Protein chains: 2
Amino acid sequence: MGREKPTLTEVARLAGVSEITVSRVVRNKGPIAEKTRERVRNAIQSLGYVPNRAAGTLASAASLFIGVILPSMSNIVFPEVLRGIYAGLGDSGYQPLLGVSDYDMQKEQEIVASLLAWQPMAVVMAGFEHTEATVRMLAESRVRVAELMDIDSQPIDLAVGLSHRRAGYDSVKHLIARGYRRFGYVGHDWDADRRARFRYEGLCAALAESGLRLEAEKRFAGPSSTIAGRETLAALLQQTPDMDVVVFSNDDLAVGGYFHCLSAGIVPRDQLGLFGFNGLDIGQALPVPLSTVRSNRFLIGKVAAERLLENRGRPSGGEIVDTGYEIIPGATA
Amino acid sequence: MGREKPTLTEVARLAGVSEITVSRVVRNKGPIAEKTRERVRNAIQSLGYVPNRAAGTLASAASLFIGVILPSMSNIVFPEVLRGIYAGLGDSGYQPLLGVSDYDMQKEQEIVASLLAWQPMAVVMAGFEHTEATVRMLAESRVRVAELMDIDSQPIDLAVGLSHRRAGYDSVKHLIARGYRRFGYVGHDWDADRRARFRYEGLCAALAESGLRLEAEKRFAGPSSTIAGRETLAALLQQTPDMDVVVFSNDDLAVGGYFHCLSAGIVPRDQLGLFGFNGLDIGQALPVPLSTVRSNRFLIGKVAAERLLENRGRPSGGEIVDTGYEIIPGATA
DNA sequence: AGCAGAAATGGTAGCGCTGTCATACGACCA
DNA sequence: TGGTCGTATGACAGCGCTACCATTTCTGCT
């Protein structure tokens, strides 16, 4: 049976109704008599009809797409945000359309251009750094725009995230309250991950407020990883052995630092405090749970999607949603 | 300037050519005089024209989409496959359209239905277990189908992955060669992850061949996690203390097992061998690298995308691509 | 019975683009 | 000089659906 794909018209013919009625049944929109609905459903079933969304999008100028641009898929943080977005979209019928920018603004721009070709209802991006052209395209296209992860900058339309500056600040206040005084810092590439810099700034501010300063710090180029955390902490300790706590720019690095301590026979907390950021599962699964900050990544994605659905109209002109964070005391600091 | 979105027609008018010529320039298709191309490009630029893919898809009945269905975003394995798919698609112009099935065949079916509405060139799925309706829909739609991760089953069209049965078999042969005799097994939910069962079967076959058998095994319902690995190994050891090696159904669990050993003062390898599967970064970043099997997830995604692009025609009728695996000796077994 | 008003259904005209076929124009050769 | 080919362009129909009005049929009420 080499028949062609059936269209609305065939379904309508088989069910003995007009095309628009079938369309209404398919989209669950408008008043339809139960009997008619039944008849149409049967026709759809028996023909194996699959609606053509391209046609629907064209006719209605509304696509059921929501563009999502993430900087990376290697770091588990972003798949979690994506999970949140799926959760927030629920069964609204909207489909995420995903692009990965590799932390490259130029690439982000190209992705935005290609996503806009699908007439998405909104574009969700992790981060606030865009090329001028990107911002212009988004403005002209009049889609809603959500910028996720941090709320330390002025959003184009909607921002959902947490204040990394405050998180960094509070982390250090927490550590000072626990008696730590000689701070070290291990971080990764700032240019790629601006949020790490915000946390660092908050950290420095808190130290300064207490008349303290970083005894030592080390940053390496390239993405964060457990291995890098391990090696960088080793190097830092060699250079400055007499710290009592090290703050890492995230949990990946902190877990690496923990592994270094294991290898070097350093007892975490008692001999050297370790503090991360994110609250990843792996940190909480260590023999001793990592002291860190929970960043609610799933929630960020979920809330963003929900807000966008809630108000599909025009930009609200700078709404900011704070999803907060929470210090996990753990047992490494 | 509250102008509407410009269309092909406006661009054509401004450039003083016909619509089809603009279309040809945009798609880089057909012979166009350099001078004309220039003129059209300028017009596009000055209007800020963004093509409407929905219209293009409808007119040409070919969408530049490739449907991708993954069972989970929580396990880093699948984002890595997705990265591979992006890499394989390169700048072909094809866009992945992602669905997440949560290891649920019914949900997979719904996702397939909704993806097909976009007339994708192909559908990529991780796994071989589908509902009858799913298979029927895919067959009738005549898109290409790629089934990823394992090659132990007959594919609908294209399979890319490795033989988990052989991987399990070889792992145990390797461990036997290293002198281990008293085997334990820690695994997770089989119904969700059939590949884990294939590895288990290979493992048992290898043991039987050498006149050995599992001394003890423990499986828990639910997804794999580091915590679960830790707890399950603890329980297994309590029940059967005298094993000399434990094979885990994957690295997440094995890392958890490693953490248990740390807490319990068991020296990995010397007192108890630990063996995983996947070759995750985290395993290789431990103070002592995990003994495991590298499963080339990125490559699986990449090769699948490349093969699909290579031959966009009709299904090849059961092509199988073996991306292989590699035993990582590590230092925990 | 008669009528307003709601509920259910249909006719028609595009949405913006591309496939198909036709046409115009040189360049080249005999 | 005329014919042939290849390159460059255009006219037009239509992809499958939905928005926007009708129009018809059913209530419930006086």
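Helix H6(B) has 12 residues, which at 1.5 Å a residue should span 16 Å, and its end C-alpha atoms do sit 16 Å apart, so the two values agree. The expected span here is 1.5 Å times one less than the number of residues in the helix. As for the labels, helices (H or I, at least four residues) and strands (E, at least two) are DSSP runs, numbered from the N terminus. This is a predicted model, where local features need pLDDT of at least 70, side-chain atom pairs count only at pLDDT 80 or more, and totals for chains, interfaces and linings use all residues. Residues are numbered from 1 along each chain as its sequence is written, while chains are lettered from A and ligands numbered from 1 in the order in which they are written.

The buried residues of H6(B) are B:Glu108, B:Ile111, B:Val112, B:Leu115 and B:Leu116. They cover an arc of only 130° around the axis, which puts them on the same side of H6(B); the arc is that of the directions from the helix axis to the C-beta atoms. "Buried" means that 20 or more other C-beta atoms lie within 10 Å of a residue's own (12 or fewer makes it exposed, anything in between partly exposed, with C-beta atoms placed from the backbone). The buried residues of H6(B) pack against strand E1 (65-70), E2, strand E3 (122-126) and H7 of chain B.

H10(B) gets the length check too: with 14 residues, it reaches 20 Å from its first C-alpha to its last, close to the 20 Å expected at 1.5 Å a residue. Its buried residues are B:Thr226, B:Ala228, B:Gly229, B:Arg230, B:Thr232, B:Leu233, B:Leu236 and B:Leu237. What they pack against comes from both chains: helix H12 (281-285) of chain A, together with strand E6 (183-187), strand E7 (214-219), strand E8 (245-248) and H11 of chain B.

That leads to the place where the chains meet. In total, 42 residues of chain B are in contact with 42 residues of chain A, a contact being two residues whose C-beta atoms, placed from the backbone, lie within 7 Å. On chain B, the elements that each supply at least two residues to this side include helix H6 (105-116) and helix H10 (226-239). The residues on the side of chain B that touches chain A divide into 25 nonpolar, 12 polar and 5 charged. Here Ala, Val, Leu, Ile, Met, Phe, Trp, Tyr, Cys and Pro count as nonpolar, Asp, Glu, Lys and Arg as charged, and the others, Gly among them, as polar.

Next come the sheets. In chain B, 4 strands make an open sheet in the order E7-E6-E8-E9, with parallel pairing; two strands pair if DSSP finds at least two bridges between them. E7 and strand E9 (273-275) of chain B stand at the edges with a single partner strand each, so one side of each is left without a neighbour in the sheet. Further in, E6(B) and E8(B) pair in the parallel sense over 4 bridges, and B:Tyr185 stands opposite B:Val247 in E8(B).

Chain A has an open sheet of 4 strands in the order E7-E6-E8-E9, also paired in parallel. Its edge strands are E7 (214-219) and E9 (273-275), each pairing on one side only. Neighbouring strands of this sheet are turned by 15° against each other on average, direction ignored. Helix H9 (residues 194-209) of chain A packs on the sheet, touching E6 (183-187), E7 and E8, and its direction makes about 175° with that of E6(A). Such angles run from 0 to 180 degrees between N-to-C directions, with axes being lines fitted to C-alpha atoms, for helices over the stretch in contact. Strand E8 (residues 245-248) of chain A is joined to E9(A) by 3 bridges, with A:Leu274 as the bridge partner of A:Val246.

A:Gly187 lies in strand E6 of chain A and counts as buried because it has 23 C-beta neighbours inside 10 Å. Leaving aside neighbours within four places in sequence, A:Gly187 is in contact with A:Ala196, A:Tyr200, A:Arg219 and A:Ser249.

Elsewhere in chain A, strand E5 (residues 158-162) has 5 of its 5 residues buried. A:Leu158, A:Val160 and A:Leu162 are on one side of E5(A), with A:Ala159 and A:Gly161 on the other. Strand E4 (residues 144-150) pairs with E5(A) in the parallel sense over 5 bridges, and A:Met149 stands opposite A:Gly161.
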